[in-house]
Amino acid sequence: MTLGSESKRREQNQKNAVKGIMILERLTLTNFRNYRGFDLEWSPGVNMIWGANAQGKTNLLEAIYFLSAYSSFRPGVVGEMVGKSGDFFYVGGDFISGGLKHTVKAGYSLRKKYALKLDGNVKRRLGDMIGVLNAVVFSPDDLFLMKGNPEERRRFLDGEIAQMSPQSY
């Protein structure tokens, strides 16, 4: 191996390392589960979400995950994420992903219509958004990964790999 190719390999490894990092800068919710309106600019570094039971902590995590996967990590249907005060929900976020800044806007109406925008451009298919923002949720409901059958593990891993490598989706 020559010095030049070693340098290129190191540079590519650094790019790949940054590629897997996602930083949430702002989260905006409208009529998402128990949030009629919510707008938060996150602090740089680590942020902690805490509160009493049934106050919406998991709903915030679900909203962030929705911007990545356009589905919930909870069992059920997308329509259950629509708050009681309307027939739609909206989730928006400003992210840094792979060293690039992105704005994602996603909405869903009870008429089973999605609306997706990435950096101001309308996206027609959910598949066009896979891999832009990466999020993994591991919750008590995911214990099947350890205890379940190999097919379920493969399905989970395939979904996570698709985020990092959309061409495998």
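Mentor: Strands S4 and S5 form a hairpin with three residues between them, and in that turn Lys 112 has a positive phi of about 65°. The model is a predicted one, in which local features need pLDDT of at least 70 and side-chain atom pairs count only at pLDDT 80 or more, while totals for chains, interfaces and linings use all residues. Residues are numbered from 1 along each chain as its sequence is written, and side-chain values use heavy atoms, with hydrogens and water left out.

Strands here are DSSP runs of E with at least two residues, helices are runs of H or I with at least four, and both are numbered from the N terminus; two strands count as paired if DSSP finds at least two bridges between them. On that basis S4 and S5 (residues 113-118) pair in the antiparallel sense over six bridges, and within this pairing Gly 107 stands opposite Ala 115 of S5.

Taken together, six strands form an open sheet with antiparallel pairing, in the order S2-S1-S3-S4-S5-S6. Its edge strands are S2 (35-41) and S6 (121-123), each of which pairs on one side only. From one strand to the next the twist averages 20°, where axes are lines fitted to C-alpha atoms, for helices over the stretch in contact, and angles run from 0 to 180 degrees between N-to-C directions. Helix H2 (residues 57-69) packs on this sheet, touching S1, S2, S3, S4 and S5, and its direction makes about 110° with that of S1; contact means heavy atoms within 4.5 Å.

As for the setting of the sheet, the protein chain has four helices and six strands, which follow the pattern α-β-β-α-β-β-β-β-α-α along the sequence. Among contacts with a separation of 6 or more, 51% join residues 24 or more positions apart. Finally, 31% of the 169 residues count as buried, that is, under 20% relative accessible area with a 1.4 Å probe, protein chains only.

Methods: Buried < 20%, exposed > 50% of the residue type's maximum accessible area, 1.4 Å probe, protein only.
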